[in-house]
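Hi,

Here is the structure I promised to pass on to you. Please have a look at it first, and then read on for what turned up.

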Amino acid sequence: MNVQPIATVSERVNEIRALTARIVNEDILPHENMMWITEARGSYRDADVKESAALREHVRSRVRQTGLWAPHLPQEYGGAGLGFLELAYMVEVLAYAVGAASLFGMVAPNSGNESLLVRYGTEEQKEKWLVPLIEGRFESGFSMTEPDRPGSDPRSLQTTARREGDQWVINGHKWFTSNGKRADFFIVMCRTEEDHGDGTDSNARMTQIIVPRDTPGVTVVRGIEVWGVESDHCEIIYDDVRVPVANQLGETGSGHQAAQDRLGAGRVFHCMNSVGQMWRAFDLMVERAATRHVHGGPLESKQLVQAFIADSYMDVQSARLMTIHCAERIDGGHTARTEISAIKVFVPAAYHRVVDRAIQVWGAAGVSGDLPLAHMYQTARVLRLADGPDEVHRILIAKRVLGQHRKGSGWDFAN
Ligand SMILES: Cc1cc2nc3c(=O)[nH]c(=O)nc-3n(C[C@H](O)[C@H](O)[C@H](O)COP(=O)(O)OP(=O)(O)OC[C@H]3O[C@@H](n4cnc5c(N)ncnc54)[C@H](O)[C@@H]3O)c2cc1C
């Protein structure tokens, strides 16, 4: 990966980019095909599994030595304590190597749950759930989406938590809770008050509650098949699940806000992650175009392939600049709701287009397990519906633009 200093960012951002790129280029990419061999694979050799684990451990220790471990967490919790922009620029570089985030101590959904616990957790909750999560002794899941209600409209969620003495009693049906099979606890989004139709904001009726997996009444029904393969995105029933009131995260009714915090600014990191992966797909496409000969000449001499390269260049560059613009606004303390919605729609779609072209240029190899492109393609597709489907964000963008127009002014693209 070609990472040179950027003239317009701080010295620290450039240092973080360079340190991350060095690990990606020296310790991950040369071993990429050996890096992810585990028992979970259909066919494997014990020696390869061992070598693979050793390679991952080597990267983790190098990341720790470099001071970049858990970059999303404050230093007091063992993280690198990076600022918003520093983290955004770092994520772009480490995403170039697919899966590298886990080698830097940032594994979804644990990382999002860690940030939630740092922000909303009591000292007791931090001790009990956050510390073991950070130390890798615990796994976790975030349980919000339900099969019978639209996830794109969180106000409609039906899982309830009823207060009985010093306990919450939870009843509900969730699905697509990632990491569901391995999680030691779930953060469950619950409706904690009845909606009486009195016009009160129904978002203010949601509360997030920590539910240990071994609590009676929690049933992990199945890992849902995703893209034809059984996954760790799980369907879960919560049936009269009783947990202490002390397991409530933040104030009663703060659940929607907490989810927005998790998703809102977090979308910048998701998008920088996509940009890093687009960058990788782009480089792979260029490499193949320059080396593969078909019909009497290199692919790079074919104008249709040149168009793929040019269109992908524009997709990567525009996705990247939009995301950085959004990150700078947030970092500067400005509202960025329109910008966040815009990157949520634009970046996954651009990512999808770039990977699609890279696969086309690579032919059959493009969909094989020998390259990271097939995995990227599936990821890009999911991103268009997860985290708030594109349509919802398009509506939000249009609402704000039209609202501005009604106030008598046009949109100011420069600010
Ligand atoms: C791989 C994967 C992992 C996931 N991990 C988690 C997790 O860990 N925890 C969790 O809680 N959830 C998770 N999810 C769920 C995800 O967040 C939801 O799928 C997403 O929020 C969409 O909700 P839904 O599937 O209920 O779709 P729905 O809300 O039913 O929407 C379906 C479609 O309707 C259309 N639509 C929606 N609203 C509008 C509108 N206003 N106008 C026009 N069209 C509209 C869109 O095209 C949308 O895609 C995961 C999903 C996937 C695929």
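Ile 209 has Gln 248 in strand 8 as its bridge partner. That is part of the antiparallel pairing of strand 5 with strand 8 (residues 248-249), which runs over two bridges; strands count as paired if DSSP finds at least two bridges between them. Before going further, please note that this is a predicted model, where local features need pLDDT of at least 70, side-chain atom pairs count only at pLDDT 80 or more, and totals for chains, interfaces and linings use all residues. Residues are numbered from 1 along each chain as its sequence is written. Strands (E, at least two residues) and helices (H or I, at least four) are DSSP runs, numbered from the N terminus.

Strand 5 also pairs with strand 4 (residues 185-191), antiparallel again, through seven bridges. Six of the seven residues of strand 5 (206-212) are buried. My cut-offs, using C-beta atoms placed from the backbone, are these: buried means 20 or more other C-beta atoms within 10 Å of a residue's own, exposed means 12 or fewer, and partly exposed is in between.

Thr 215 sits in the loop between strand 5 and strand 6 (218-226). Is Thr 215 buried, exposed or partly exposed? Thr 215 is partly exposed, because 15 other C-beta atoms lie within 10 Å. Leaving out residues up to four places away in sequence, Thr 215 touches Val 241 and Val 243, where contact means C-beta atoms, placed from the backbone, within 7 Å. Val 241 is 26 residues from Thr 215 along the chain, yet their C-alpha atoms are separated by 6.7 Å.

The ligand is surrounded by 20 residues, and the closest are Met 144, Pro 150, Gly 151, Ser 152 and Ser 178; a residue counts as near if its C-beta atom, placed from the backbone, lies within 6 Å. By type, the shell has 12 nonpolar residues, seven polar and one charged. In that count, Ala, Val, Leu, Ile, Met, Phe, Trp, Tyr, Cys and Pro are nonpolar, Asp, Glu, Lys and Arg are charged, and the others, Gly among them, are polar. Strand 1 (140-143), strand 3 (167-177) and helix 12 (390-406) each supply at least two shell residues, and helix 12 gives the most, with three.

The chain is divided into domain 1 (11-106), domain 2 (140-251) and domain 3 (257-406), with bounds from an automatic or database domain assignment. Domain 2 and domain 3 each provide at least three residues of the ligand shell. The centres of domain 1 and domain 2, taken over C-alpha atoms, are 31 Å apart.

In helix 11 (residues 373-383), the buried residues are Leu 373, Met 376, Tyr 377, Ala 380 and Leu 383. They are on the same side of helix 11 because they cover an arc of only 130° around the axis, the arc being that of the directions from the helix axis to the C-beta atoms. These buried residues pack against helix 8 (266-291) and helix 10 (337-362).

Finally, some backbone details to check. Ala 108 and Pro 109 are joined by a cis peptide bond, with omega about 0°. Ala 70 has a positive phi near 50° and is buried, with 22 other C-beta atoms within 10 Å. Trp 227 also has a positive phi, near 50°, but is exposed, with 11 other C-beta atoms within 10 Å.

Best wishes

Methods:
Two residues are in contact if their C-beta atoms, placed from the backbone, lie within 7 Å.
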